[in-house]
Amino acid sequence: MVVGAPKGSEAAISCGQVVRYLTPCVSYVANGGSVPATCCSGIKTLYSLARTTADRQGVCSCIKQAVSGVPYTPYNLNLAAGLPKKCGVNIPYKISPSTDCKSVK
């Protein structure tokens, strides 16, 4: 009989899912204005899916990977960092390219 590793030890959220859920936020982060309802819906869904430390670290890493190579300004970074609060979600880390995802709990 073969026994596999427990599923709880791996992140359950793929980078593809993270990108899909956050794509509606791109126009807001690029241009400001009002936050689309679909953006907040995606953020809330990701928040509810990221139940473990591994999940939260995985989402953080995917966000950092997605924005690497994309030009951004302090204005864009502030808009991105403020998204969770605007959507009524309190995440345990700052959305920023400088966030150390390994320290996310």
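This briefing covers the fold, surface, confidence and one residue of a predicted protein model. The protein has 5 helices and 0 strands, where helices are DSSP runs of H or I with at least four residues and strands are runs of E with at least two, numbered from the N terminus. Residues are numbered from 1 along each chain as its sequence is written. Local features need pLDDT of at least 70, side-chain atom pairs count only at pLDDT 80 or more, totals for chains, interfaces and linings use all residues, and side-chain values use heavy atoms, with hydrogens and water left out.

**Fold and surface**
- The order of elements from the N terminus is α-α-α-α-α.
- Of the contacts (heavy atoms within 4.5 Å) with a separation of 6 or more, 74% join residues 24 or more positions apart.
- The protein has 105 residues, and 30% of them are buried, meaning under 20% relative accessible area with a 1.4 Å probe, protein chains only.
- Its accessible surface, from the Shrake-Rupley method with a 1.4 Å probe, is about 6,700 Å², and carbon and sulfur atoms hold 59% of that.

**Confidence**
- The average pLDDT, the predictor's confidence in each residue from 0 to 100, is 85, and 90% of the residues score at least 70.
- Residues 1-9 have a pLDDT below 50, and this stretch has 1 contact in the model beyond near neighbours in sequence.
- Mean confidence is lowest in helix α4 (residues 53-67), at 89, and highest in helix α3 (residues 37-49), at 94.

**Residue N76**
- N76 lies in helix α5, which covers residues 74-86.
- N76 counts as buried because its relative accessibility is 13%.
- Apart from neighbours within four places in sequence, N76 contacts V29 and A30.

Conventions:
Buried means under 20% relative accessible area, exposed over 50%, partly exposed in between (1.4 Å probe, protein chains only).
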